[in-house]
Amino acid sequence: MITPAEARVDLSAIRHNVALLKERAGGAELMGAVKADAYGHGLVPTSEAVLQGGAGRLGTAFIQEALALRAGGVTAPILSWLITPGEPIAEALAADVELSASHPGLLDEIAAAARRTGRAAKLHLEADTGMSRGGAPLAAWPDLLAKALELKAEGAIEIVGIWSHFACADIPGHPSIARQLEAYEAALKLAEQAGAAGSEVIRHMSNSAAIVTLPEARFDMVRPGIAMYGLSPIPELGDFGLRPAMTLVARIGLVKRVAEGCGVSYGHLYTTSCETTLALVPLGYADGVLRHATGRAEVLAGGRRRTIAGRVCMDQFMIDVGDDPVAAGDEVVLFGPGDGGEPTAQEWADTLGTITHEIVTRIGARVPRVYHK
């Protein structure tokens, strides 16, 4: 089917990136973070490539993401870590999805589901070591351990992991990094003393940035996210040999000649300086092209880079191509690996004052993902 736009996903690049990260991780196992539709790359096909690249496990934010993986035929171990009251916990247990918990109330809800299903829940206990987001702070950690051990003795749960998350691993040398490592070690020690952290329990803390800069934080497993998709977790330190996997393209929908002094798009933020040719690109903020890209972000069209001319609309934006011979149906590349002179997702992120995570995860469902193996 011909569509006006598509996100081309290079699965070989994802396999390459995972293999590279696996090498960086030494002997630690890899859990590939595939939340948010695999960072916009497409959940099931991307997850399969992540596993082929050498990851042994997958991680999702929500239970429904894990269930979608199971429905798609993925059998590898999956951890879901962001659970709110009323989630389909029993369905997750039936599908052999591992869960995270950081407060006794959630442990009670998970245990109740385990009793109903007759399946012990496999749990990763999360410690808040300084992110101040999810996880139990050290002051509350002993209570969480005590509750978990009570439910373990009952047979309702198994403790299979103890984890935390870095707040500033992408800022090398930030003082919070050492403090968080120290706090995590303290949480592990308390768990060991309580009998909740035997050799079978997986210790994990490292995200993409920590994998490439903090070998002391590898522990038993690492959790790469953005780096698997070929986007640097610390751009100022380079690309670490990663290959961007996504190329976002569209076909020009309309070309027309206009006079000097024509206002373009809503608000007339752009006015033509001479007689020129305008081209309509059928992608807009409903598809993830930030409205903030107006007059700032570049695309590749007709062999040259062009700045978006005028306000980005819901479904389209305009570019000024001057006197260059472009035609309806010609391809426009918004971002890609940069091999053909096109902008990269990192350039878009830098231009728009954000991070590459936002650039790729915002690409909407109207844009089909087309996979290249």
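**A loop residue and a sheet**

Modeller: This is a predicted model. Glu260 sits in the loop between β12 and β13 (263–264).

Biologist: Is Glu260 buried or exposed?
Modeller: Exposed, because its relative accessibility is 59% and the cut-off for exposed is over 50%.

Biologist: Which residues does Glu260 touch, leaving out those up to four places away in sequence?
Modeller: Thr272, Ser273, Cys274 and Glu275 are the ones Glu260 touches.

Biologist: And how many Å separate the C-alpha atoms of Glu260 and Ile363?
Modeller: The separation is 34 Å, for two residues that are 103 residues apart along the chain.

Biologist: Changing topic to the sheet. What is the strand order?
Modeller: The order is β12-β15-β18-β17-β16-β19-β11-β1-β20, nine strands in an open sheet with mixed pairing.

Biologist: Which strands stand at the edges?
Modeller: β12 (254–258) and β20 (369–372). Each has a single partner strand, so one side of each has no neighbour in the sheet.

Biologist: What does the twist average from one strand to the next?
Modeller: The average is 35°.

Biologist: How many bridges join β11 to β19?
Modeller: Four, between residues 246–251 of β11 and residues 331–335 of β19, and the two strands run antiparallel.

Biologist: Which residue in β19 is the bridge partner of Ala250?
Modeller: Val332.

Biologist: Which strands does helix α10 lie across?
Modeller: Helix α10 (residues 345–352) lies across β16 (298–301), β17 (304–309) and β19. The helix runs at about 65° to β19.

Notes: Residues are numbered from 1 along each chain as its sequence is written. This is a predicted model: local features need pLDDT of at least 70, side-chain atom pairs count only at pLDDT 80 or more; totals for chains, interfaces and linings use all residues. Side-chain values use heavy atoms; hydrogens and water are left out. Two strands pair if DSSP finds at least two bridges between them. Axes are lines fitted to C-alpha atoms, for helices over the stretch in contact, and angles run from 0 to 180 degrees between N-to-C directions. Contact means heavy atoms within 4.5 Å. Buried means under 20% relative accessible area, exposed over 50%, partly exposed in between (1.4 Å probe, protein chains only).
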